[in-house]
Amino acid sequence: MREFARVADTIRGVASPFARRWVALETDYKSVTVACVLVGLVVGFGVQVPW
Amino acid sequence: MSEQSPDEPTEQPADRGAAVAPGVALLAVCAVGAWLLDPLLPVVDVLLIAVVVGFGVANVFELPTWAERGVETHKVFLGAAIVLMGASLSVDRLVESGALVVSSVVCVSGVTLVGVELCSRRLFGIDDKLASLLAAGSSICGVSAIVAVAGSIRARDEHVVYAATTILLFDAVTLLVYPVVGNLLAIPSDVFGMWAGVSMFSTGPVVAVGFAHSETAGQWATLTKLARNTLIGLVAVGYATYYARRRLGADRDGSSSLGFRQLWDRFPKYVVGFAGLVVLASSGVLTAGHVQSLENAYNWLFLLAFVGLGTEIRIAKLRRAGVAPVLVVLCTFCAVSVISLVVLSALFG
């Protein structure tokens with residue numbers, strides 16, 4: 001349990017600055033970021049999106 | 001696309017995530033619901049079903065308070081979907097249609113802007129700043145343009161509400177009327193897309209109506225509307241300069257602080273992402289499988305965005321629009337819509 005809490009703390013420590021930046025981002029930049037992540041997943045990692 | 005308010009209280013990212021997640025989940029459930037309903041309603045496009053589902057949730061069941069923050073994120077999904085649409089277009093096609101699109105957009109936006117300004121001030125005696133907000137909203141990109149111009153001319157809050165409500169009213173009406181007119185008159189896809197792109201108001205409804213007509217019409221509508229949206233910075237800075245000069249006198253430097261930064265602040269940044277993806281797609285990096293996946297991704301994002309768009313159409317709010325602003329926009333809109341349809345049909349029909 002203590003190990004789990006330590007891992008969670010580490011993840012929170014790493015993710016927190018990114019999350020803070022994300023929250024402060026303008027809507028348009030968020031849109032572009034979401035699109036870039038999706039392009040990265042599809043082109044870089046070969047993820048297939050079904051419809 | 002709206003901006004983050006500087007007055008918002010500071011909030012921990014984790015709290016914000018928890019506040020946003022239920023609303024995003026509601027959007028996702030409604031989007032999947034619309035997608036499942038699509039085969040049962042073959043006459044109606046899935047994007048319009050999504051708008052109706054969102055409208056129903058907000059007006060029939062009343063949007064729950066816990067979902068409000070998350071539902072607002074639909075603007076992020078709309079922008080992301082528009083960026084991804086760039087994967088389906090090529091530079092060749094943009095260059096081929098660029099001059100045509102830009103000239104149509106500049107002509108129609110200019111005529112609408114001047115028409116609403118003249119009609120408001122001369123015929124209806126509407127306050128100058130409200131007239132400018134209505135002109136910006138109807139000629140460029142709906143509520144985003146109103147907010148951008150309101151900031152640059154220091155408009156009063158009630159004028160912003162009047163103008164935004166009027167534009168939202170027209171968004172709701174055109175969302176229903178344009179697809180019917182398109183089908184009744186059997187307007188070709190490219191003409192319909194450009195017509196929606198130059199004459200309708202907000203980006204969301206333009207894209208929804210375009211894709212409701214056909215895939216090609218959706219692409220033309222988006223392309224045309226994006227070109228129109230890029231004018232927002234110029235119009236906002238133009239208005240700011242005009243009102244600053246009027247306030248301070250023509251020879252004072254009221255406009256000295258208006259420069260590239262102000263233009264960029266008001267520029268819809270997702271247009272840059274869209275252009276980047278067009279270049280990427282044209283470079284041959286993307287395979288047919290990639291393009292298909294990205295098309296599916298933007299279809300899902302559009303579904304999320306249009307459910308959210310539907311929730312923004314509130315009957316109670318629309319009732320608050322004053323009669324004079326509605327009449328001004330109605331007169332100009334009807335004239336511009338009919339003239340642009342006739343001209344576009346004559347040129348490309």
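Tutor: What follows looks at helices H4 and H13 of chain B, then at their surroundings.

This is a predicted model, in which local features need pLDDT of at least 70 and side-chain atom pairs count only at pLDDT 80 or more, while totals for chains, interfaces and linings use all residues. Residues are numbered from 1 along each chain as its sequence is written, and chains are lettered from A and ligands numbered from 1 in the order in which they are written.

Chain B has 16 helices and 0 strands (DSSP runs numbered from the N terminus, helices being H or I of at least four residues and strands E of at least two). H4(B) covers residues 74–85 and H13(B) residues 270–282; their axes come within 7 Å and cross at roughly 25°. Here axes are lines fitted to C-alpha atoms, for helices over the stretch in contact, and angles run from 0 to 180 degrees between N-to-C directions. H4(B) and H13(B) are therefore roughly parallel (angles under 35 degrees; over 145 is roughly antiparallel, 65 to 115 roughly perpendicular and the rest oblique). The crossing of H4(B) past H13(B) is right-handed, that is, the near helix is turned clockwise from the far one by less than a right angle, anticlockwise being left-handed.

On the H4(B) side, Gly79(B), Ile82(B), Val83(B), Leu84(B) and Met85(B) meet Tyr270(B), Gly273(B), Phe274(B) and Leu277(B) of H13(B). Contact requires C-beta atoms, placed from the backbone, to lie within 7 Å. By class, this contact has 7 nonpolar, 2 polar and no charged residues (Ala, Val, Leu, Ile, Met, Phe, Trp, Tyr, Cys and Pro are nonpolar, Asp, Glu, Lys and Arg charged, and the others, Gly among them, polar).

For contrast, take Arg319(B), in the loop between helix H15 (315–318) and helix H16 (323–348). Arg319(B) is exposed, because 9 other C-beta atoms lie within 10 Å (buried is 20 or more other C-beta atoms, placed from the backbone, within 10 Å, exposed 12 or fewer, partly exposed in between). The C-alpha atoms of Arg319(B) and Val83(B) are separated by 34 Å. Of the 349 residues of chain B, 52% count as buried.

Terms used. Contact = placed C-beta atoms within 7 Å.
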